[in-house]
Amino acid sequence: MSKGKLFVISGASGVGKSTVLKLVMEARGDLKFSVSATTRPPRPGEVDGVHYFFVTKERFEEMIRQNAFLEYDAHADNYYGTPRAQAEEKMEQGLLLLDIEPMGAKQVKQAMPDATLIFIMPPSRQELERRLRSRGDTSEEQIQLRLERAAWEMEQRKWYDYVVENDDARRCADEILTIIANLAD
Ligand code: 5GP
């Protein structure tokens, strides 16, 4: 089993990243997922310690002071960060996958130049907007903010190592699995 390789995946909210990542994780037992800490409240169905560690702003800022994050960023009025100890422990066991946005990805690439950065694109802006609206748990204001943010995130794809398109979740997952296999096996 290969160990210690880091894969960073980014893609705008609504791009269908979680479905793709679920397929990727199911296909590779040696791939561990880094659970991020966030100050945003849980969405229905999200479990503390599984999808995120849900923490207060005070706790998050304390962790920043303790240098407990491999990277962190504030966006959409909340903090998101990768707990360093957990990431290092999981990398010891195998391959590690981070689902983080471009500001965090840049910090990781600076700290760990061997990390592989993969950006997931939506098939089109119209499709991204349709997917964001179909979620139903997001206000119009949030949708507009997320679309603006998505446009900025898509600009950042130019400095990623790989760009893949999520036209179909299974096909997109297979493309990512091929990238991982080529680098890790
Ligand atoms: P959501 O609130 O929809 O779960 O996530 C919003 C964004 O935060 C996504 O683009 C996701 O990739 C990003 N994100 C999640 N965890 C982290 C993290 O630990 N660090 C950074 N920089 N971004 C994160």
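1. Let's start at the ligand: one of its oxygen atoms is 2.7 Å from an N or O atom in the side chain of arginine 40. Please keep in mind as you look around that this is a predicted model.

2. Lysine 17 brings a polar side-chain atom to 3.0 Å from an oxygen atom of the ligand. With threonine 82, a backbone N or O atom takes part, lying 3.4 Å from a ligand oxygen atom. How much of the ligand does the protein bury? Taken alone, the ligand exposes 520 Å², and the protein buries 93% of that.

3. The largest pocket holds about 1,200 Å³ of space. Its lining is made up of 40 residues, of which Lys17, Arg40, Arg43, Tyr52 and Asp99 are the closest to the centre. Helix H1 (17-27), strand S5 (69-75), strand S6 (78-83) and helix H6 (140-155) are the elements that give two or more residues to this lining. Which element gives the largest share of the lining? That is H6, with 6 residues.

4. In the largest pocket you would find 15 charged, 13 polar and 12 nonpolar residues.

5. The second largest pocket has about 210 Å³ of space. Among the residues lining this pocket are Arg40, Arg43, Tyr80, Asp137 and Arg146. Here S6 and H6 each supply at least two lining residues. By class, the lining divides into 4 nonpolar, 4 polar and 4 charged residues. Arg40 is a handy landmark: this residue lines the second largest pocket, and is also one of the closest to the centre of the largest pocket.

6. Finally, have a look at serine 134, which lies in helix H5 (residues 125-134). Is this serine buried or exposed? Serine 134 counts as exposed because its relative accessible area is 52%, and the cut-off for exposed is over 50%. Its side chain reaches the backbone oxygen of arginine 131 at 2.9 Å.

Methods: Residues numbered from 1 in each chain as written. Predicted model: local features only at pLDDT ≥ 70, side-chain atom pairs only at ≥ 80, totals over all residues. Heavy atoms only, no water. Helix = DSSP H or I, 4+ residues; strand = E, 2+ residues; numbered from the N terminus. Buried < 20%, exposed > 50% of the residue type's maximum accessible area, 1.4 Å probe, protein only. Polar contact = N/O pair within 3.5 Å; in protein donor to acceptor, adjacent residues only side chain to side chain. 1 Å grid on protein atoms, 1.4 Å probe; cavity = no way out; pocket = protein on both sides within 12 Å on 5 of 7 lines; lining within 4 Å. Points joined across faces, edges and corners; volume = space filled by probe spheres on them. Nonpolar A, V, L, I, M, F, W, Y, C, P; charged D, E, K, R; others polar. Areas by Shrake-Rupley, 256 points an atom, 1.4 Å probe, with all protein chains shown as cover.
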